[in-house]
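Dear colleague,

Please find below the structure that I am handing over to you. My notes on its side chains follow directly after it.

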Amino acid sequence: MQAKKRYFILLSAGSCLALLFYFGGLQFRASRSHSRREEHSGRNGLHHPSPDRFWPRFPDALRPFVPWDQLENEDSSVHISPRQKRDANSSIYKGKKCRMESCFDFTLCKKNGFKVYVYPQQKGEKIAESYQNILAAIEGSRFYTSDPSQACLFVLSLDTLDRDQLSPQYVHNLRSKVQSLHLWNNGRNHLIFNLYSGTWPDYTEDVGFDIGQAMLAKASISTENFRPNFDVSIPLFSKDHPRTGGERGFLKFNTIPPLRKYMLVFKGKRYLTGIGSDTRNALYHVHNGEDVVLLTTCKHGKDWQKHKDSRCDRDNTEYEKYDYREMLHNATFCLVPRGRRLGSFRFLEALQAACVPVMLSNGWELPFSEVINWNQAAVIGDERLLLQIPSTIRSIHQDKILALRQQTQFLWEAYFSSVEKIVLTTLEIIQDRIFKHISRNSLIWNKHPGGLFVLPQYSSYLGDFPYYYANLGLKPPSKFTAVIHAVTPLVSQSQPVLKLLVAAAKSQYCAQIIVLWNCDKPLPAKHRWPATAVPVVVIEGESKVMSSRFLPYDNIVTDAVLSLDEDTVLSTTEVDFAFTVWQTFPERIVGYPARSHFWDNSKERWGYTSKWTNDYSMVLTGAAIYHKYYHYLYTHYLPASLKNMVDQLANCEDILMNFLVSAVTKLPPIKVTQKKQYKETMMGQTSRASRWADPDHFAQRQSCMNTFASWFGYMPLIHSQMRLDPVLFKDQVSILRKKYRDIERL
């Protein structure tokens with residue numbers, strides 16, 4: 001036994017020695033051959049000492065740092081997975097580290113402000129209707145400039161919306177076309193709009209060309225590829241989405257409790273194979289056919305019958321039983337699962353229908369997530385926890401459901417109801433990034449009237465706007481500035497304008513009076529104006545045009561403005577009462593002269609009427625109180641075309657102001673007392689200069705109504721039957737018990 005052990009040990013030792021000599025010999029021969037090469041180099045005058053003589057060789061040497069955008073230049077011998085190769089060549093990933101600070105030139109915006117240039121359309125280039133609507137929205141906005149030297153942001157005229165190679169809207173050779181643009185500059189300060197990217201079967205987010213340092217305004221973008229504070233996530237919208245205006249939300253009144261026939265609904269395609277199929281294929285597990293109705297169909301595409309499963313026929317039959325719009329109008333929650341891409345048309349459809357979206361699209365960067373708090377309007381679910389969705393939404397309190405539904409309506413009407421609003425919201429978000437010192441905060445974006453109507457250039461303090469007094473715990477302004485629009489020369493001390501000035505000055509709420517002199521005659525001497533207890537400032541109107549009465553003059557020191565025509569007849573008591581009403585409704589127009597609009601079926605156009613009826617939709621600014629912010633909004637928000645029309649006609653400025661305020665507030669103006677006549681000319685004292693005596697005056701106002709409605713894209717005016725009178729007005733009680741007793745004597 002001991003002998004066997006000795007033989008085994010000797011055999012093992014011999015084998016080890018043999019292996020040692022074998023490998024050592026190989027290394028010795030390699031070193032000798034290497035030394036011969038060195039000697040040969042030395043004989044030829046060349047000497048390159050090898051680092052291998054001093055340092056060991058490692059099989060995986062460290063490689064130098066290479067940015068993402070240079071991966072394609074690496075040695076092809078290095079192993080890269082197919083996904084890494086696709087990502088490296090994808091334009092989405094080339095500027096993955098881009099941020100405003102590194103890939104945007106702020107100096108272009110400092111000189112001329114935030115101006116947007118749209119490249120001229122090239123001959124022969126096809127542009128889809130949706131992209132034409134986007135370009136038209138930019139060109140019709142206050143940001144547009146036709147001069148590229150003044151631009152801060154550039155938008156391509158090449159259609160980049162649909163980058164699915166199988167789509168008929170796909171634009172070929174876009175890479176070379178973009179690179180040939182003389183202002184491209186590797187995409188710096190450029191904005192690219194995109195709705196569809198990638199194609200069957202994986203639907204990647206590659207747009208098919210090198211975007212360089214350009215920003216993406218993209219639908220269905222993932223949080224993985226979204227570059228925070230650089231890209232903008234936009235909603236997926238159909239080609240039928242209106243360019244301007246858009247329909248209002250379906251929530252006409254608040255139902256309490258806010259429960260509908262269905263708790264949760266969905267109706268859409270089911271994908272049998274490929275990306276996006278897992279979630280929709282599992283919906284039948286949750287469907288109960290009663291208050292949870294989740295319907296899918298396999299019946300789409302050319303080869304659906306080849307791939308149909310055992311549930312297809314049953315699902316298709318159930319799918320046909322329900323009307324989609326009826327389900328939307330009668331559901332509390334609407335499921336929004338992902339499709340082939342992360343985004344879905346169901347998202348905007350649910351918002352408009354006041355159906356709270358239940359999101360099932362893991363990794364989707366929700367539209368305008370940079371500024372919108374979606375937790376106030378939607379339920380963010382998880383695709384992996386589908387079976388928990390019904391119990392989760394059933395646990396939401398009715399008060400919370402009502403708040404969610406109300407917020408869906410606000411967001412729909414503020415940012416999503418038209419292509420124009422989607423585009424303007426995108427531009428306003430970018431503008432806020434550039435001018436951070438005056439950017440809007442979350443309260444402005446997520447509370448009525450929204451970020452598009454609250455211009456931060458006016459003020460960075462929320463208390464300067466009429467919409468946030470309650471949020472800030474502020475009381476409405478206690479004083480007003482009377483602005484009297486004068487167009488006739490001062491020839492007599494008995495003229496209506498002087499009586500009006502004295503009456504307004506006697507108000508306990510009047511801080512000052514501004515006379516806007518839009519008359520062709522020179523300014524009257526100071527002694528011609530009556531002495532008052534408050535300051536009287538006379539200024540000449542800019543260019544003597546009608547719109548100058550709504551300029552944001554620095555002389556107006558109060559938030560409240562009492563707008564008056566020179567021939568208006570108002571007593572001090574009427575002024576006081578109107579102002580106290582306005583303090584309760586500071587965001588609206590409050591005043592005396594009321595007018596209305598109607599739809600004329602015979603002419604298929606809007607009509608204007610001054611008839612005394614039971615309702616009204618306008619309060620004319622000849623005797624009205626409103627917040628001075630509307631002067632700024634009138635001047636800087638409305639397009640020059642509408643203001644030029646007003647100036648040319650010397651008419652309709654009061655109608656345009658009513659359109660603007662109603663569009664912002666979504667509320668009608670407020671009429672006070674039953675007074676019908678408020679002008680001297682209406683009471684027998686005619687004036688040659690009065691525009692009311694012009695026979696074309698009424699026809700012009702009819703035309704203005706339709707032009708204004710066309711620009712807004714809808715009719716913003718809202719009818720009202722409410723009139724506010726003083727307490728005990730016309731009651732059969734002693735006049736001594738009434739605060740505004742003089743009103744009844746007028």
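Ring pairs link Phe-347, Trp-364, Phe-368, Trp-374, Phe-410, Tyr-415, Phe-416 and Trp-445 into a cluster. Here rings of Phe, Tyr and Trp (its six-membered ring) pair if their centres lie within 6.5 Å; planes under 30 degrees apart count as stacked, over 60 as edge-to-face and the rest as tilted. The model is predicted, so local features need pLDDT of at least 70 and side-chain atom pairs count only at pLDDT 80 or more, while totals for chains, interfaces and linings use all residues. Residues are numbered from 1 along each chain as its sequence is written, and side-chain values use heavy atoms, with hydrogens and water left out.

Aromatic rings

The structure holds 35 aromatic pairs. In one of them, the ring centres of Phe-104 and Phe-106 are 5.4 Å apart and the planes stand at 70°, so this pair is edge-to-face. Phe-104 is buried, with a relative accessible area of 2%, whereas Phe-106 is partly exposed at 24%. In these terms, buried means under 20% relative accessible area, exposed over 50%, and partly exposed in between (1.4 Å probe, protein chains only).

Phe-347 and Phe-416 also form an edge-to-face pair, with 6.5 Å from centre to centre and 85° between the planes. Phe-347 lies in helix H12 (residues 346-352) and Phe-416 in helix H14 (residues 398-416), so the pair ties together parts that are 69 residues apart in sequence. Helices (H or I, at least four residues) and strands (E, at least two) are DSSP runs, numbered from the N terminus. Phe-347 is buried at 1% relative accessibility, and Phe-416 is buried at 0%.

Salt bridges

How many salt bridges does the count come to? The count comes to 20 salt bridges, each being a side-chain nitrogen of Lys or Arg within 4 Å of a carboxyl oxygen of Asp or Glu. One of them joins Glu-125 and Lys-177 (2.9 Å, N to O). Glu-125 lies in the loop between strand E1 (116-118) and helix H6 (129-139) and Lys-177 in helix H7 (residues 174-179), so parts that are 52 residues apart in sequence are tied together. Glu-125 is partly exposed at 21% relative accessibility, and Lys-177 is partly exposed at 22%.

Another salt bridge brings Glu-413 and Arg-248 together (3.3 Å, N to O). Glu-413 belongs to helix H14 and Arg-248 to the loop between strand E7 (232-233) and strand E8 (262-269), so this pair ties together parts that are 165 residues apart in sequence. Glu-413 counts as buried at 13% relative accessibility, while Arg-248 is partly exposed at 38%.

A buried arginine

Arg-163 lies in strand E3 (residues 162-163). What is the nearest side chain of opposite charge to Arg-163? The nearest is Asp-159, 7.4 Å away, and the buried Arg-163 has no salt bridge; Lys and Arg count as positive and Asp and Glu as negative, while His and the chain ends are not counted. The side chain of Arg-163 does reach the backbone oxygen of Val-171 at 2.9 Å. A polar contact of 3.3 Å also joins the side chains of Arg-163 and Tyr-170. A polar contact is a pair of N or O atoms within 3.5 Å; within protein, one must be able to donate a hydrogen and the other to accept it, and residues adjacent in sequence count only if both atoms are side-chain atoms.

Yours sincerely
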